[in-house]
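Opened the notebook for another structure today. I want to jot down what I look up as I go.

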Amino acid sequence: MNWKTIRERFRLAPLRKMEWLWTIGLSLFMVFGNFLLLPTQKWLLDTVRFNPPDYLPSTLDPRVIINGIPSEFEMTPIVILIVFQLFFLFFNIFGEEFWWRGYILPRQELAHGQYTWAIHGLLWTLFHVFWWWNLISLLPGALAAAFVAQKFHNTTIIIVAHLVVNTLGGTIVMLLNS
C-alpha cells in the first residue's frame, strides 16, 4: 500500500473546476434542504412518541430551542471548542466518507449499476437510525451525495461538502462563544 494506491482505491482526486461547482451546489442543497425539512423532526417526534435520549447535547436535541450559546458550551474556552470540533470532524467525516463513498459505493456499483446511488443513499440514511428523528431531513442530502459520488467517482467532492455542512453548527457555536 502506498499513497497512490490509497487515493485510487478510495477515489480521492483533486477537484477540477466542474467538480468544485458540484461541491458548492451539493453543500448548498444539503444545508438548505436540511433546514427546510427541520419541521419533520417535530412531526416524527410527535408521531412516533419515542423521545430522543436525555443525554444528548442541546445542539443535537430537537426538543431544545437554542437562543444564544448552548449551556454546555458557555464556560468552555474557545481553544477546547476548536480542538473538539477538529477531532469530531476528522473522525466523523473522513471515517464516514472513506467507508461509505470510498469503500462501499464502488462495490455496490458492481452489483447495482447506474441505480447504486439510490440504494447507497437509503442505506447511508439508515446508518443514521440512532438519529431517527432526523432521517427525513437527511435523506435528500444522502441521495444527492451518493449521486454525485457515483457520477464523478471522486470521494473528495463529498468529503468537502460533508465538511461544509458539519462545520456550520460548530462554527456558529464558536463564533457566539468568542
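**Entry 1: ground rules.** I am working with a predicted model, so I keep that in mind throughout.

**Entry 2: helix α6.** I started with α6, which runs over residues 135-152 and has 18 residues. I got 25 Å from its first C-alpha to its last, close to the 26 Å expected at 1.5 Å a residue. Then I listed its buried residues; among them are Leu135, Gly141, Ala146, Val148 and Phe152. Just after α6, I noted a positive phi of about 50° at His153. At Phe152 I also found Lys151 lying over the face of the ring, 5.5 Å from the ring centre.

**Entry 3: aromatic pairs.** How many aromatic pairs does a search of the whole structure find? I got twelve. I looked at Trp22 and Phe147: their ring centres are 6.4 Å apart and the planes are at 40°, so I logged the pair as tilted. Trp22 belongs to helix α2 (residues 17-36) and Phe147 to helix α6, so this pair ties together parts that are 125 residues apart in sequence. Both partners came out partly exposed: Trp22 has a relative accessible area of 30%, and Phe147 has 36%.

At Phe10 I found the charged end of Arg9 over the ring, 5.8 Å from its centre.

**Entry 4: nonpolar cores.** Which residues touch the most other members of the largest nonpolar core? I got Leu26, Met30, Val148, Ile157 and Ile158, out of 13 residues in that core. The elements giving it two or more residues are α2, α6 and α7 (155-177). The biggest giver is α6, with five residues. I checked Met30 separately: leaving out residues up to four places away in sequence, it touches Gly141, Ala161 and Val165. I also came across a second, separate core of six residues, including Leu56, Trp132, Trp133 and Leu135.

**Entry 5: His120.** Is His120 buried or exposed? It is buried, with a relative accessible area of 0%. I placed His120 in helix α5 (residues 116-127). Its side chain reaches the backbone oxygen of Trp100 at 3.4 Å. Setting aside neighbours within four places in sequence, I listed contacts of His120 with Trp100, Arg101, Ile104, Leu105, Gln108 and Ala146.

**Entry 6: Asp61.** Last stop was a loop residue. Asp61 is found between α3 (39-48) and α4 (78-112). At 9% relative accessibility, Asp61 falls under the 20% cut-off, so I count it as buried. What does the side chain of Asp61 make a polar contact with? I found the side chain of Arg63, at 2.7 Å.

Notes: Residues numbered from 1 in each chain as written. Predicted model: local features only at pLDDT ≥ 70, side-chain atom pairs only at ≥ 80, totals over all residues. Heavy atoms only, no water. Helix = DSSP H or I, 4+ residues; strand = E, 2+ residues; numbered from the N terminus. Buried < 20%, exposed > 50% of the residue type's maximum accessible area, 1.4 Å probe, protein only. Polar contact = N/O pair within 3.5 Å; in protein donor to acceptor, adjacent residues only side chain to side chain. Expected span 1.5 Å × (residues − 1). Phe/Tyr/Trp six-rings, centres within 6.5 Å; stacked < 30°, edge-to-face > 60°. Lys NZ or Arg CZ within 6 Å of the ring centre and 35° of its normal. Core = buried A, V, L, I, M, F, W, Y, C linked by side-chain atoms within 4.5 Å. Contact = heavy atoms within 4.5 Å.
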